[in-house]
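Please open the model in your viewer and keep the selection tool at hand. The tour goes from one selection to the next and says what is found at each stop.

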Amino acid sequence: MADHTIRHFSQHDPAMKKDTVDFRIEGVAGELRMDYDLLCKRLFQDGREVERKGNNFYVTTAGGGREKMKVMRLSPDFGYTAIFRKTKTPLEARLATWQYLLGIMPLALVAAGGFLGAVIGICGTVVIYSAIRTPKNNALAQVAIALGVSALCAAVCFAPVVLMHLLTA
């Protein structure tokens, strides 16, 4: 049976401005810890930083060899997932249904704004899911962020139309 123990789904360290996920993967020796923020992720195995080349981390296996493991954000909610020996292991808890609904609000711009609406809506969705995944944000903050980002996306999408109308009137 696979040991996919995750002790902390996400633990926020305000002093380091990083989030941490501790986990184990069957076939990989020891404890794994991933530290990440918006722009950077680092993987540690038994306290030592793991060698990284591109998206691949080279971990020590239970047999003493070295194998490739990927840690990446996957859709639909952009939670981190470890991929080792073609087995995907989610490192963060799934979002609640209401959080999924909050995240897709900007995608309504696809219907109203066409290609521009789609691009802005996708960007807004990524921002909302990133904010929802931040452990320090409670439910009220998540709703406020989602509404604010959605309103900002709509304003950005329709600002050119309003400006054109004002300039030609």
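Strands here are DSSP runs of E with at least two residues, numbered from the N terminus, and two strands pair if DSSP finds at least two bridges between them. This is a predicted model, in which local features need pLDDT of at least 70 and side-chain atom pairs count only at pLDDT 80 or more, while totals for chains, interfaces and linings use all residues. Residues are numbered from 1 along each chain as its sequence is written, and side-chain values use heavy atoms, with hydrogens and water left out.

Select residues 51-53, which are strand S6, together with residues 56-60, which are strand S7: the two pair in the antiparallel sense over three bridges, and Arg 52 has Phe 57 in S7 as its bridge partner. Two residues separate S6 and S7 in this hairpin, and Gly 54 in the turn has a positive phi of about 65°.

Val 59 has Glu 67 in S8 as its bridge partner. S7 and S8 also form a hairpin, here with five residues between them, and Gly 64 in the turn has a positive phi of about 95°.

Finally, select Gln 45, which lies in strand S4 (residues 41-45). Is Gln 45 buried or exposed? Gln 45 counts as buried because its relative accessibility is 7%, where buried means under 20% relative accessible area (1.4 Å probe, protein chains only). A polar atom of the Gln 45 side chain lies 2.8 Å from the backbone oxygen of Thr 60.

Terms used. Helix = DSSP H or I, 4+ residues; strand = E, 2+ residues; numbered from the N terminus. Buried < 20%, exposed > 50% of the residue type's maximum accessible area, 1.4 Å probe, protein only. Polar contact = N/O pair within 3.5 Å; in protein donor to acceptor, adjacent residues only side chain to side chain.
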